[in-house]
Amino acid sequence: MDNNNLYNKIIDTDSTRPLWGQELLRDVLLNDLLGNDTHSIMYWAGKKIARKFPLKDALDTVLFFKQSGLGDLSVSSENKHEIKWTLSGDIVAKRIEANPDADFMFESGFLAQIAQQQFGVISEAEMNPKEEKNGTVLIRVHMDPKHPAPVIEDSVKEFDLKQ
């Protein structure tokens, strides 16, 4: 990844400029520290953070992503086995522009854990980089309605999201 390219993409746009520090840590420092394990660690980090910030429904999840500077989130489709989320927005597009291998596994892990908490069933997510189109990312959360989710001890019971 060309760090100068990432810096220029983020700093050159008013809407993403305030997120430069976040991107510096995420796409430069963490990537250097984690190396080849970046994808899996970021996925599990997303799950861990979701346990600390349990959200009651899809509307809260969308708002949380926006407030956290992760991008604009929307449900593309949903059934009892799968939720397809689309992640978009300036920060997502700029990250993909700067680095075609930009990692969105944190968001994937977060959405998997939120689904597991909201629906009470085992849930895992995948993000296929080949499905990225026009600065958006498709994240599929697969749910297994036949397998109840285990109770996780470090989960927070309540979190009040400001509207």
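## Salt bridges

Lys47 and Glu124 join their side chains in a salt bridge (3.4 Å, N to O). Lys47 lies in helix 3 and Glu124 in strand 3 (residues 121-127), so the pair ties together parts that are 77 residues apart in sequence. Helices (H or I, at least four residues) and strands (E, at least two) are DSSP runs, numbered from the N terminus. A salt bridge here is a side-chain nitrogen of Lys or Arg within 4 Å of a carboxyl oxygen of Asp or Glu. The whole structure holds nine salt bridges.

This is a predicted model: local features need pLDDT of at least 70, side-chain atom pairs count only at pLDDT 80 or more, and totals for chains, interfaces and linings use all residues. Residues are numbered from 1 along each chain as its sequence is written, and side-chain values use heavy atoms, with hydrogens and water left out.

## Buried and exposed partners

Lys47 is buried, at 3% relative accessible area. Glu124 is partly exposed, at 34%. Buried means under 20% relative accessible area, exposed over 50%, and partly exposed in between (1.4 Å probe, protein chains only).

A second salt bridge links Arg95 and Glu23 (3.0 Å, N to O). Arg95 lies in helix 5 and Glu23 in helix 2, so this pair ties together parts that are 72 residues apart in sequence. Arg95 is buried at 2% relative accessibility. Glu23 is buried too, at 1%. Lys66 and Asp72 also meet in a salt bridge (2.6 Å, N to O). Lys66 is exposed at 52%, and Asp72 is partly exposed at 28%.

## The cavity

The largest cavity has a volume of about 30 Å³. A cavity is a set of points, on a 1 Å grid over the protein atoms alone, where a 1.4 Å probe fits but cannot get out; lining residues have an atom within 4 Å of a point. Grid points are joined across faces, edges and corners, and a volume is the space filled by probe spheres set on the points. Among the lining residues are Glu23, Arg95, Gln22 and Phe104. Helix 2 and helix 5 (90-98) each supply at least two lining residues.

## Helix 2 and helix 6

Leu25 belongs to helix 2 (residues 20-34). Leu25 is partly exposed, with a relative accessible area of 48%. Phe119 sits in helix 6 (residues 105-119). Phe119 is partly exposed as well, at 40%. From C-alpha to C-alpha, Phe119 and Asp12 are 41 Å apart in space, and 107 residues apart in sequence.

How values were computed:
1 Å grid on protein atoms, 1.4 Å probe; cavity = no way out; pocket = protein on both sides within 12 Å on 5 of 7 lines; lining within 4 Å.
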